[in-house]
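Subject: Structure handover

Hello,

Here is the structure you are taking over. My notes follow it.

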Amino acid sequence: MGWTGDAQAFASTAAYNMDVAGFFTKWLKDVSADQLPGGSVPFVVPNVLNQNDAGSAGWADVATIIPWDMYVIYGDKGLLETQYGSMKKWVDYMSSKSKNNLWNTGFHFGDWLFYRPNDDNDGRAAVTDKYMIAQTFYAHSTQLLLNAAKVLGKTEDIAKYSDLLAKIKEAYIKENMTPSGKLISNTQTAYVLALQFDMLPENLRAQAAQRLVDNVRDYGNHLTTGFLGTPYLCHVLSRFGHEDVAYDLLMQESYPSWLYPVKMGATTIWERWDGIKQDGSFQTADMNSFNHYAYGAIGDWMYKNIAGINPVAAQPGYKAILIAPRPGGKLTNASAELETVYGTVKSSWILADGVFKLDVTVPANATATVILPKTDKKEEIGSGSYHFEYKY
């Protein structure tokens, strides 16, 4: 079934692995077609569950997230034009369900399949308030609608939704944050979503990132995130200067982690962090897929941060490319290549004997900004192949 939450979590990673432009262009038309009269989006598209009421945060937001992501990746303005009405209907649905700009009604899956410890005597379980999550996605979808309005030159909507976005964030802070910047759900997912979607005032972001780090360390360098927090977890850590913590999570081998299933023999991504439990028994049989891509969304971070291949929203479709590898963990080399609409982008690095070597290929009619790790150096380059080497 076409679960919308899974699709939005994995779409960016999917676009590194395959050319998904045709698939998502078609499937987003199905999303529009099955969008309910009030603007909400079913949990599954096509709507085989025959829902006449839906709109779960992080699932229905597929209506805004994938159109924007695909525009940035493939540069197809026509896709934004086609989906704009659907994007707007979804944001307006959330507004219609909100009171004083706070969306705290309706059914939500929340941070689906987050880590649940067996016991919780110290009150630190990773349960994130579902309405708190809903408010962050309300802001995120409004931001993406605003982005689309700017690309398409919809002046009235730019003014309207800019004003709305400010009010959504004000309502979030009033409802969910103490004056010192602690969130009412003191979980990894709560801080990840607040930071990823710029919900907090700038002067309170660094402390929130530190609270996230403290939480990860408190769990012995383990993640506790589910379907909504996991895709952004390492992105947020990297953005706020905690690359080491992102790598500690990536390289973690014990449960819960990305490598735990690998250690248990997995060759595909599991639906649950513990599809096979530590004692070798299986999780609940009615919902325990061993080929389920949502947690594989870490791939997006790996391509963008380990290999360092990034699209640039201002010049979409890899017309402009950001090459910014960030070595870490125990990795001594990495290489990746991506077939873009302009041709092949390559980024390959080796770290040996204190020397960092980077090879970059930029396709025809494209440009790249190369940010060399551990330096302040930025290099602007055109199409061709380049070699960088320096003491690290």
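Where does Gly-55 lie? Gly-55 is in the loop between helix 2 and helix 3. Please keep in mind that this is a predicted model.

Is Gly-55 buried or exposed? Its relative accessibility is 3%, and buried means under 20%, so Gly-55 counts as buried. Leaving aside residues up to four places away in sequence, Gly-55 touches Ser-40, Val-41, Phe-43, Ala-60, Trp-90, Tyr-93, Trp-103, Phe-107 and His-108. Between Gly-55 and Leu-36 the separation is 19 residues in sequence and 9.3 Å in space, taken from C-alpha to C-alpha.

Helix 2 covers residues 21-34, which makes 14 residues. From its first C-alpha to its last, helix 2 reaches 20 Å, close to the 20 Å expected at 1.5 Å a residue. Phe-24, Trp-27, Leu-28, Asp-30 and Val-31 are the buried residues of helix 2. Viewed down the helix axis, these buried residues fall within an arc of 155°, so they line one face of helix 2. As background, an α-helix has 3.6 residues a turn, so residues three or four places apart point the same way. On the other side of helix 2, the exposed residues are Gly-22, Lys-26 and Ala-33.

What do the buried residues of helix 2 pack against? Their partners are helix 1 (4-17), helix 3 (62-74) and helix 4 (77-96).

Two of those partners also meet each other. The axes of helix 1 and helix 3 come within 9 Å and cross at roughly 10°. Angles under 35 degrees count as roughly parallel, and helix 1 and helix 3 are therefore roughly parallel to each other. On the helix 1 side, the contact is made by Thr-4, Ala-7, Gln-8, Ala-11, Ser-12 and Ala-15. Helix 3 contributes Val-62, Ile-65, Ile-66, Asp-69, Met-70, Ile-73 and Tyr-74.

Strand 3 (residues 333-340) and strand 4 (residues 343-352) pair in the antiparallel sense. The pairing runs over eight bridges, and the two strands form a hairpin with two residues between them. Thr-340 of strand 3 stands opposite Gly-343 in strand 4.

Which residues make up the covered face of strand 3? Ala-334, Ala-336, Leu-338 and Thr-340 do, while Asn-333, Ser-335, Glu-337 and Glu-339 form the uncovered face.

Regards

Terms used:
Residues numbered from 1 in each chain as written. Predicted model: local features only at pLDDT ≥ 70, side-chain atom pairs only at ≥ 80, totals over all residues. Heavy atoms only, no water. Buried < 20%, exposed > 50% of the residue type's maximum accessible area, 1.4 Å probe, protein only. Helix = DSSP H or I, 4+ residues; strand = E, 2+ residues; numbered from the N terminus. Pairing = 2+ DSSP bridges. Expected span 1.5 Å × (residues − 1). Arc of directions from axis to C-beta. Contact = heavy atoms within 4.5 Å. Axes fitted to C-alpha atoms, helices over the stretch in contact; angles between N-to-C directions. Parallel < 35°, antiparallel > 145°, perpendicular 65-115°, else oblique.
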